[in-house]
Amino acid sequence: MTEAVASPSAASALGSPPPARARLFENAAVNLRPVALVYRVAALAVILTGVIRLSEVLTGQPAWSTFLFYTMLSNLLCLAWMLALLTRTVRDLRRTGAGGTSTPSARGSGAVMFAITVTMLIYLVVLVPTRFADGDSDVFSLTDNLIHVVTPVLLIVDWLLFVPKGAFRWIDPLLWTLLPYAYLGWAFAYSASGGEFAPGQKYPYPFMNIEALGIPGVARWIVMLSLALIAVGFVYVVLDRILAALSRRMPRR
């Protein structure tokens, strides 16, 4: 009597069900690299446009002094990071296909997002009121909007849509402040050595002006801004954890 041998297809049908398909939203991120690729190409172009306009490198008379300001440095950081994201997306798309996410480091995305959030919040909360008070009616120019508002929003949206959630740690908001503090230390040292950020301008931002505010006044500004920005950093961490938890509860199909 011969034994019946089940074919592989029959065995599959009788055995466990086929593995679940990859979800469109995996780890609280859009799980489609082509979509991320299109977004990141567009974001890179917009960020580059803001940097070019601010530095005026295509006018024949570049404003090299803009590279002394945190605004430009944070925008250049975003430009480099978006290029890294784009490069990783193209590589992963070729190697493993359209499904999945592509990020060199989820925590790295958080650090860059925080760095440019500092730029946006200080601009909106500190610089815009100061410029209005000084009679500057051209506050929200195209260039200002690109480097202070649009670029931060692009980085935040990229994190929300395309970066896996659940990687942030409670210590991260404190670590993220190291870059702004490093700039503060350098800027004060540069000013103390006689450097100028523009002709006749010893300090890059009004809240750093020791001659006008005194050391206690500057210290109060830095403490208040630090507390506010660290609080925003913790908002990012909480949001990261909430989105990760919600993603884990979503049933696979």
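These are my notebook entries on a predicted model of a protein of 253 residues.

**Ground rules**

I number residues from 1 along each chain as its sequence is written. Local features need pLDDT of at least 70 and side-chain atom pairs pLDDT 80 or more, while totals for chains, interfaces and linings use all residues, and side-chain values use heavy atoms, with hydrogens and water left out.

**Entry 1: overall layout**

I looked up the secondary structure and found eight helices and two strands. Helices here are DSSP runs of H or I of at least four residues, strands are runs of E of at least two, and both are numbered from the N terminus. Read from the N terminus, the order is α-β-β-α-α-α-α-α-α-α.

I then looked up burial, where buried means under 20% relative accessible area, exposed over 50%, and partly exposed in between (1.4 Å probe, protein chains only). Of the 253 residues, 40% count as buried. The accessible surface is about 13800 Å², by the Shrake-Rupley method with a 1.4 Å probe, and for residues only the protein chains shown count as cover. Carbon and sulfur atoms account for 68% of that surface.

For contacts I used heavy atoms within 4.5 Å. Among contacts between residues at least 6 apart in sequence, 74% join residues at least 24 apart.

**Entry 2: nonpolar cores**

I looked up the nonpolar cores, each a set of buried Ala, Val, Leu, Ile, Met, Phe, Trp, Tyr and Cys residues joined through side-chain atoms within 4.5 Å. The largest has 34 residues, and Ile122, Phe168, Tyr183, Tyr205, Phe207 and Met208 have the most contacts inside it. Helices α4 (106–133), α5, α7 (178–192) and α8 (210–249) each supply at least two of its residues. The biggest contribution is from α4, with 11 residues. A second, separate core has 17 residues, among them Ile47, Cys78, Leu79 and Leu85.

Beyond its neighbours within four places in sequence, Phe207 contacts Ile122, Val126, Leu184, Leu213, Val218, Trp221 and Leu225.

**Entry 3: helix α4**

At the N-terminal end of α4, Ser105 is the cap, with a side-chain oxygen 3.4 Å from the backbone nitrogen of Arg107. After α4 comes Gly135, with a positive phi near 85 degrees.

**Entry 4: helix α8**

I looked for a bend in α8 and found one of about 75 degrees at Pro216. Asn209 caps the N-terminal end of α8, placing a side-chain oxygen 3.1 Å from the backbone nitrogen of Glu211. A polar contact is a pair of N or O atoms within 3.5 Å; within protein, one must be able to donate a hydrogen and the other to accept it, and residues adjacent in sequence count only if both atoms are side-chain atoms.

I took Ala36 in α2 (residues 33–55). Ala36 counts as buried because its relative accessibility is 5%. Leaving aside neighbours within four places, Ala36 contacts Thr89 and Phe162. The C-alpha atoms of Ala36 and Asp158 are 8.2 Å apart, although 122 residues separate them along the chain.

Glu56 lies in the loop between α2 and α3 (70–96). Glu56 is not a glycine, yet has a positive phi of about 55 degrees. At 37% relative accessible area, Glu56 is partly exposed.

For α3, the 27 residues should span 39 Å, and the end C-alpha atoms are 38 Å apart, which agrees. Just after α3, Gly97 has a positive phi of about 100 degrees.

I looked up Asp144, which sits in α5 (residues 142–162). Asp144 is buried, at a relative accessible area of 11%. Not counting residues up to four places away, Asp144 touches Tyr123, Arg131, Asp138, Val139 and Val149.

Ala187 is in α7 and counts as buried at 0% relative accessibility. Outside the four places on either side, Ala187 touches Phe197, Pro204 and Met208. The C-alpha atoms of Ala187 and Pro204 are 7.5 Å apart, with the two residues 17 apart along the chain.

Notes: The bend at a residue is the angle between axes fitted to the seven residues ending there and the seven starting there. The expected span of a helix is 1.5 Å times one less than its number of residues.
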